[in-house]
Amino acid sequence: MNVLVIAEHDNKALKPATLNVITAASRFSGNIDILIAGGNCQDVAKEASTIKGINDVICMSDAALEAQLAEPLAEAVIQIQGDKNYNVILAPASTFGKNLLPRISALLDVQQISDVIEIISPSSFKRPVYGGQAIATFESNDEFKVMTVRATAFDKASTEGGQATIEEISFNSPKNFGTAFVGLEVAKTERPELTGAEKVVSGGRALGSKENFKMIEELADKLGAAIGASRAAVDAGYVPNDYQVGQTGKVVAPELYIAIGISGAIQHLAGMKDSKTIVAINKDEEAPIFKIADYGLVGDLFEILPELTKKL
Amino acid sequence: MKILVPVKRVVDYNVKIRIKSDQSGVEDSNVKMSLNPFDEIAIEEAVRLKEAGKASEIIVVTIGPEKAQDILRTAMAMGADRGVLVSTDLKIDLGGIEPLMVAKCLKALIENEKPDMVIMGKQAIDDDSNQTGQMLSALLGWPQATFASNIEIDNGQANVTREVDGGLETLKVALPAVVTTDLRLNEPRYASLPNIMKAKKKPLDNKQLSDFNIKLTPRLKLVSVEEPPKREGGEIVSNVDELLDKLKNEAKVI
């Protein structure tokens, strides 16, 4: 069995979710190759070559792939699939993978499996449905399997001990696909990345304003934590969209998740309930978040939060 | 400019679903069904483009049972001009019609209708696949712009801002293109009573899914549907000191 992992990276470094996908790929007990497709992405290929368990690193560097747009990237994967005939193709279920993989599936005439959380056998998979309210098991009868993998459901592969060979392949079809990259507005932060962070402090609508949300930042910085938010807090404009934890935002599973002023709508819980230790701070003792929290503290966040930050 | 908006009838956003006792699926009798929320956003965006003079006609399409007419009427009450129901008796949530089949059916409709743009929800809140828009775009060979939080149409092109993990990405796509909507693109309107009445008179075309030349055998066999593992609630602590003590000495996370 031959397995291809499509790496997520920014042409400089691998995104950590790629390592979780490699662990998922290892469940197929076959040769795992990893594709680094991008522009001037040779450094990423070198980085990937030491990951434990990788057979070959396929490096496809072309100006047409630099912005990692779905249209040329899908063509790149189809070209490689034509040569190598993989049995399984995987990518992280991030916005990168979600944007790209269905395109590849359609071109290969395969019904993709999204957001896989368990690989039971090479053709049998579990995935959450209905916003995490249920877990469905599916058996795929497609000749190839194409799937996105929920990173938090698998451990990270080790970045050491591998000695993969790097194979450079040139991209055959750098034609114009009608899509042009204009820009990426990145929220600059010194804090850990939300999806891979060991600790996350999240704030909800109860913070009341963008200014008050700074209290969350202070606590997060004291803990060395990433910052998250409920959909309500993002909709209210307290923080940018990429802070959103939940069904349609990011799925996180840190060692410690502190939810402050978040009531715990199903959609939010779907994005954080696999965290190891959950702390909830809320003034409403009936808030659903307390039903899943390991430690709950009922009270006024405007009193508790400064005290907590101070005493840490 | 003609806009086609594919929509899906799903269990209402506010309903807590019930899993059938034999684990064969999700209970759908006596459950409130609605227009998929992301599709509502897609309709709203199309209607706003029409109100701004950028679009001339909005066609709304769904695949599903006869009853799915109700969501087409809702879409028409919001401002879509006409509807197409592609009827099928097959299930449309888990273990039935799959995203790839939907994309193939939409492709056939689009080759006939020739819209300049497809705007659709990024995912349906039942199976949460998040695939159909991207698949459709690939099958048509059109550009795609997924997870849109802003759309501007200018000179046969769309400038689309996308919500991605790293922030906000902006793409320029040549039309025709497929755009999928994210939550913050707009806030959908409620249909007014006069518009609901008017929508009843708008044209609704009925087609049969079996008339399309598409294999309707699922590639993914649904084996079972289960409750997710339950997480037990813990304890309520009385103050910050107790909380810190527990986090240090019991959970050992700080």
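Strand β14 (residues 256-260) of chain A runs parallel to strand β15 (residues 277-282) of chain A, and five bridges join the two. Within this pair, A:Ala259 faces A:Ala280 of β15(A). The model is a predicted one.

The pair belongs to an open sheet of six strands, ordered β13(A)-β12(A)-β14(A)-β15(A)-β16(A)-β13(B), with parallel pairing. At the edges stand β13 (226-229) of chain A and β13 (235-237) of chain B; each has a single partner strand, so one side of each lacks a neighbour in the sheet. From one strand to the next, the twist averages 20 degrees. Helix α5 (residues 214-223) of chain A packs on this sheet, where it touches β12 (199-203), β13 and β14 of chain A. The direction of α5 makes about 175 degrees with that of β12(A).

Chain B, which supplies one edge strand of the sheet, has six helices and 13 strands. Its C-alpha atoms fill a box of roughly 65 × 45 × 40 Å along the principal axes. Of the 254 residues in chain B, 55% are buried. Among contacts in chain B with a separation of 6 or more, 71% are between residues 24 or more positions apart. The accessible surface of chain B is about 11100 Å², and carbon and sulfur atoms account for 48% of that. Chain B carries 35 positive and 39 negative charges, whose mean positions lie 4 Å apart.

One residue of chain B can be followed in detail. B:Ser149 sits in strand β7 (residues 144-154). B:Ser149 counts as buried because its relative accessibility is 15%, under the 20% limit. Beyond its neighbours within four places in sequence, B:Ser149 contacts B:Thr161, B:Glu163, B:Leu168, B:Arg184 and B:Leu185.

Conventions. Residues are numbered from 1 along each chain as its sequence is written. Chains are lettered from A and ligands numbered from 1 in the order in which they are written. This is a predicted model: local features need pLDDT of at least 70, side-chain atom pairs count only at pLDDT 80 or more; totals for chains, interfaces and linings use all residues. Side-chain values use heavy atoms; hydrogens and water are left out. Helices (H or I, at least four residues) and strands (E, at least two) are DSSP runs, numbered from the N terminus. Buried means under 20% relative accessible area, exposed over 50%, partly exposed in between (1.4 Å probe, protein chains only). Contact means heavy atoms within 4.5 Å. Accessible areas come from the Shrake-Rupley method with a 1.4 Å probe; for residues, only the protein chains shown count as cover. Lys and Arg count as positive and Asp and Glu as negative; His and the chain ends are not counted. The place of a charge is taken as NZ of Lys, CZ of Arg, CG of Asp or CD of Glu. Two strands pair if DSSP finds at least two bridges between them. Axes are lines fitted to C-alpha atoms, for helices over the stretch in contact, and angles run from 0 to 180 degrees between N-to-C directions.
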